[in-house]
Amino acid sequence: MSTPLQLEFRLSQAQRDRLAVFADLLISGGAGLPAATEVDVAGAWIDRALGARPDLVETVVGVLAEEGEPAEVLARLRAQEPERFDAFAFVVAGAYLIHPRVRKLLGYPGGAPEPSPAFPDEADAYLEDGILDVVIERGPSYRPTPEARG
Amino acid sequence: MGTTNDVADVLIIGAGASGSVAAKHLAEQGFNVVILEQGNWINSSELPGNKPEYELLGSGKWNPDPNVRAWDADYPVNVENSEQPVFMYNAVGGSTVFFAGVWSRFLPSDFRVRTLDGIADDWPISYEDLAPFYEAVERDMGVSGMGGNPAYPPGYNPPLPAHPIHATGRKMAEGLNKLGWHWWTGYSAIPSQKYRNQKQCARLGICRLGCVEGAKGSADVALLPDALKHGAKLITGARVSQVTVNEKGLANGATYFREGKEYHQAAKVVIVGANGIGTPRLLLMSMSGRFPNGLANSSGLVGKRLMLHPFGSVIGLYDDDLDDWYGPAGTQIESMQFYETDLSRGFVRGSKWHVMGTGGPVEMLTRWNIGEGARDEEFWGDQFAVKMKQAVNHSIDWIIHAEDLPEETNYVSLDHGLTDSDGLPAPKVHYATAENTHKILDFALNRALESHAAAGATKAWITHRNFSSGHNMGTAKMGDDPATSVVNGYGQAHDVPNLYVIDGSVFPTSSSTNPTATICAFAKRAATYIAKNARNQEVGA
Ligand SMILES: Cc1cc2nc3c(=O)[nH]c(=O)nc-3n(C[C@H](O)[C@H](O)[C@H](O)COP(=O)(O)OP(=O)(O)OC[C@H]3O[C@@H](n4cnc5c(N)ncnc54)[C@H](O)[C@@H]3O)c2cc1C
Ligand code: SF4
């Protein structure tokens, strides 16, 4: 796997502990997927996500500093500051969704896109039962160039 | 000011799609070509596509909105008066480094909108005029696709075989067949086999974040290496501030900034291919005593008639495993069912549809959160896992492009209060989506929902109803009459006969489909004309 992007800013342990609570509220797992803390979202993976989106550090730090129970904070943000909620939830979910285990469980091949060039007859295989015939039989649908110009 | 002693035969401003087509053609014809490009080469190792966080990087540092990513090479765009953001990339290869590679010729009716539909304007050229140049650039850019499409006149036969339509295209094709609607395998400027400078597509599906494989037919891969091999000189990091004119009013070169220093490059002929936003900006910045309203602007149309070509999108979820991340990302299948005018629908012109690869899990997350209806459902907490499982690997995504008709109230002007890193004024975009465009999109989105139902979707929703596409057109209209157009059918400025504009700025109308095939074909036609006409060309230096 490639080296994570370097983020100069680092969250404190207290911030990470609080983030973990927020993250599990957003992503509580089930349906064969782990909860956020089970894949260390508040540890290495939030660092990685914020390394890719350093512009969202301020949002994350700001939300963590909001007073109140995390569930209440999230409900308040959602109702009153939806853009801030979306940005926070996006980066937390982003941290979760780049985790290789999560990707695998979602059925996505590989941590990052992996080369899989088509084999020579693959294109034909999708068409060989004549699925395009009806389209061809209907004939031309374009309007040809008229002779005169207006 | 620094100057170079060499007078270029041809100076090209912008190393994007159009500039690179012209550079390759003219260098191969033996002209001494200089290209000025404000951006730099992007090394494939810098690109985000092979990193796990590629989707997050795509929404930040590699965002298509120059105001968000704010690279040094970018200029800011004032969008206060625009309903839409404006997308483009400023780099060697221009926006094609990050385009989806969807290759789509315009249809014959696109060139005759006034004659056929009584609205907007005809082009001074026809489909048949461009056909040989489409063919030529299809060979140059490794276009893959299948001939025989009844939506087009005969003769649209890309040089490389079509890519697989994949499970997504197949599933939707079955639905469209039930409805009796047109579809065809997608066309991409992406080689299905190794081809000239281009590798075979490895189906990473991240074409919009740059092709780490070197497969996609972006200008930096497919065109510029040939231009450079034939002696073209590319100056990167060179931001042009003005096309200069001599005492006769002929273009004689351009002034540019590089690393904070000002230079002048002299030239006999000047070609501008700086994108539908960058081109009017440059022409307006090139005002002088002789051209007080901006260069080549006696018609007053430079910057006017901006068409941002908004798109809509509809995603559907299916029980089947669909491998919905496969590339080429841009198009698996396409449909021209609703392309041509049918007045019973309540609007003129139409839409072009293509099934795109949905991409990775973060893309799917976004679709849940921006969707009409879907956004109001519970998503976070317990539902997150359920919904992501239901969607990733199970989606088909329609992208729908609507024809955007030209309006003089949609335009680009200069904002002297907002400047780029060289102190040059930013373009200010004034844009509101017209009612006809809205109607096309609303109609098509409802039909696309029906197509998902026919294909067996368990759920479908609209993810965009009207959003910027990165197709910036119309701001230096071509036409035969100097009073109502900026350039003629070869891109030659009516006011300045050795100045050519060759990008999508010149389009009198936008079509309903992706523009780059036509931008490249037009640039090829203009370059061919310039080469053939060289002996009779009035020159400025
Ligand atoms: C995300 C995205 C996806 C797209 N996908 C598709 C697709 O699938 N199919 C399709 O048909 N089209 C697509 N497009 C549109 C396509 O990229 C453009 O139509 C095409 O690149 C336009 O070509 P151009 O030559 O006009 O401009 P560009 O390719 O944008 O190149 C213009 C160049 O000029 C340079 N320049 C501008 N001003 C100056 C100056 N003052 N001095 C020096 N240099 C300057 C810029 O830096 C830039 O490199 C997409 C666009 C985007 C943003
Ligand atoms: S799908 Fe093909 S063209 Fe697109 S990025 Fe991957 S290899 Fe390149």
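In this predicted model, B:Asp420 and B:Arg281 form a salt bridge (a side-chain nitrogen of Lys or Arg within 4 Å of a carboxyl oxygen of Asp or Glu), with N and O 2.7 Å apart. B:Asp420 sits in the loop between β13 (411–419) and β14 (425–430) of chain B and B:Arg281 in helix α9 (residues 275–285) of chain B, so the bridge ties together parts 139 residues apart in sequence. Helices (H or I, at least four residues) and strands (E, at least two) are DSSP runs, numbered from the N terminus. B:Asp420 is buried at 6% relative accessibility, and B:Arg281 is buried at 3%; buried means under 20% relative accessible area, exposed over 50%, and partly exposed in between (1.4 Å probe, protein chains only).

Residues are numbered from 1 along each chain as its sequence is written, and chains are lettered from A, with ligands numbered from 1, in the order in which they are written. Local features need pLDDT of at least 70 and side-chain atom pairs pLDDT 80 or more, while totals for chains, interfaces and linings use all residues; side-chain values use heavy atoms, without hydrogens or water.

Another salt bridge crosses between chains, from B:Arg203 to A:Glu122 in helix α7 (residues 122–125) of chain A, with the closest N and O atoms 2.8 Å apart. B:Arg203 is buried at 6% relative accessibility, and A:Glu122 is buried at 7%. Over all chains, the structure holds 44 salt bridges.
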